[in-house]
Amino acid sequence: QVFDQEMIDYLIVNESGRAQLLAEPPDGGRQWVEERYRKLWGDRGLKTDPETESLIRLVLAVAARGDAVIVGRGAGFLLPGETTLHVRVVSTLDSRVNYLAQALRMTREEAAEEVRARDDRRARYLTRSLLCNPSDPTVYDLIVNTGRLGVEAAAQCIGWAVRTKQQFVDPAGPPHTAGIDELAGP
């Protein structure tokens with residue numbers, strides 16, 4: 001299931017939707033959420049406001065259910081790298097402005113301002129609330145450029161990376177380091 005920013009925002013404000021999602025956690029799910037939450041606070045020393053704390057707990061609860069795609073909200077910085085594929089999707093400013101202008105029926109100038117504002121909000125949230133450096137390329141498993149690859153090819157690359165990481169990672173143990181010959185297959 002895909003949990004994009006709209007869905008996460010909806011679950012934050014909609015108590016019945018959130019309660020339904022959290023009603024039947026998988027075995028050990030609640031315990032995993034609490035352990036992961038404590039680890040984030042202990043390892044990083046996070047001190048957030050109650051709204052951000054609720055958001056983080058919700059992202060962890062969604063992740064505890066498994067087989068989910070969580071778009072944004074710093075999920076890749078919150079979840080364990082051993083079992084999470086952390087992807088950053090990028091494109092040129094011009095492509096992003098064009099897309100937003102068309103999607104939201106804005107002028108190019110309005111769309112450009114909105115893109116800048118979104119980038120600023122995202123960077124502030126990640127650096128101030130999660131104490132992460134989103135511009136460090138080494139924190140991502142994969143960076144895909146939809147401006148050069150296109151959306152479909154980028155999605156295929158991400159799908160391949162998910163399948164590959166699942167193949168070589170044992171959640172109970174240390175990650176397996178695959179050689180290039182193993183990734184290429186027989």
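Colleague: How many helices and strands are there in the protein?

Modeller: This is a predicted model. The protein has ten helices and four strands. Along the sequence they follow the pattern β-α-α-α-α-β-α-β-α-α-β-α-α-α.

Colleague: Of the 186 residues, what percentage count as buried?

Modeller: The share is 28%. The cut-off for that label is under 20% relative accessible area. The protein exposes about 12,200 Å², and carbon and sulfur atoms supply 51% of that area.

Colleague: Why is T84 called buried?

Modeller: T84 has a relative accessible area of 14%. Buried means under 20%. T84 is therefore buried. T84 is placed in the loop between α5 and β3 (87-90).

Colleague: Which residues does T84 touch, not counting those up to four places away in sequence?

Modeller: They are L79, D141 and K165. T84 and V162 are 78 residues apart in sequence, yet their C-alpha atoms are 8.5 Å apart in space. Across the protein, 60% of contacts between residues at least 6 apart in sequence join residues at least 24 apart.

Colleague: Why is R73 called partly exposed?

Modeller: Its relative accessible area is 21%. Buried needs under 20%, and exposed needs over 50%.

Colleague: Where does L131 lie, and what is its phi?

Modeller: L131 lies in the loop between α7 and β4 (142-145). Its phi is positive, about 55°, although L131 is not a glycine. L131 has a relative accessible area of 46%. Exposed means over 50% and buried under 20%, so L131 is partly exposed.

Colleague: Which residues have the most contacts inside the largest nonpolar core?

Modeller: I56, L60 and L130 do, in a core of 26 residues. At least two core residues come from each of α1 (5-13), α3 (29-44), α4 (50-65), α5 (75-78) and α7 (108-129). The most come from α4, which gives eight.

Colleague: What makes a set of residues a nonpolar core?

Modeller: The residues must be buried and of nonpolar kinds, with side-chain atoms within 4.5 Å joining them. In soluble globular proteins, nonpolar side chains tend to be buried together.

Colleague: Which residues is L60 in contact with, leaving aside neighbours within four places in sequence?

Modeller: L60 is in contact with W32, V33, R36, Y37, L40, L78 and L79.

Colleague: What is the volume of the second largest pocket, and which residues are closest to its centre?

Modeller: The volume is about 290 Å³. Of the 16 lining residues, L22, V33, R57, L58 and A61 are the closest to the centre.

Colleague: Which helix gives the most to the lining of that pocket?

Modeller: α4 does, with six residues. Each of α2 (15-23), α3 and α4 supplies at least two.

Colleague: How does the lining of the second largest pocket split by class?

Modeller: Nine residues are nonpolar, two are polar and five are charged.

Key. Residues are numbered from 1 along each chain as its sequence is written. This is a predicted model: local features need pLDDT of at least 70, side-chain atom pairs count only at pLDDT 80 or more; totals for chains, interfaces and linings use all residues. Side-chain values use heavy atoms; hydrogens and water are left out. Buried means under 20% relative accessible area, exposed over 50%, partly exposed in between (1.4 Å probe, protein chains only). Contact means heavy atoms within 4.5 Å. Accessible areas come from the Shrake-Rupley method with a 1.4 Å probe; for residues, only the protein chains shown count as cover. On a 1 Å grid over the protein atoms alone, a cavity is a set of points where a 1.4 Å probe fits but cannot get out, and a pocket is an open set with protein on both sides within 12 Å along at least five of seven lines; lining residues have an atom within 4 Å of a point. Grid points are joined across faces, edges and corners, and a volume is the space filled by probe spheres set on the points. Ala, Val, Leu, Ile, Met, Phe, Trp, Tyr, Cys and Pro count as nonpolar, Asp, Glu, Lys and Arg as charged, and the others, Gly among them, as polar.
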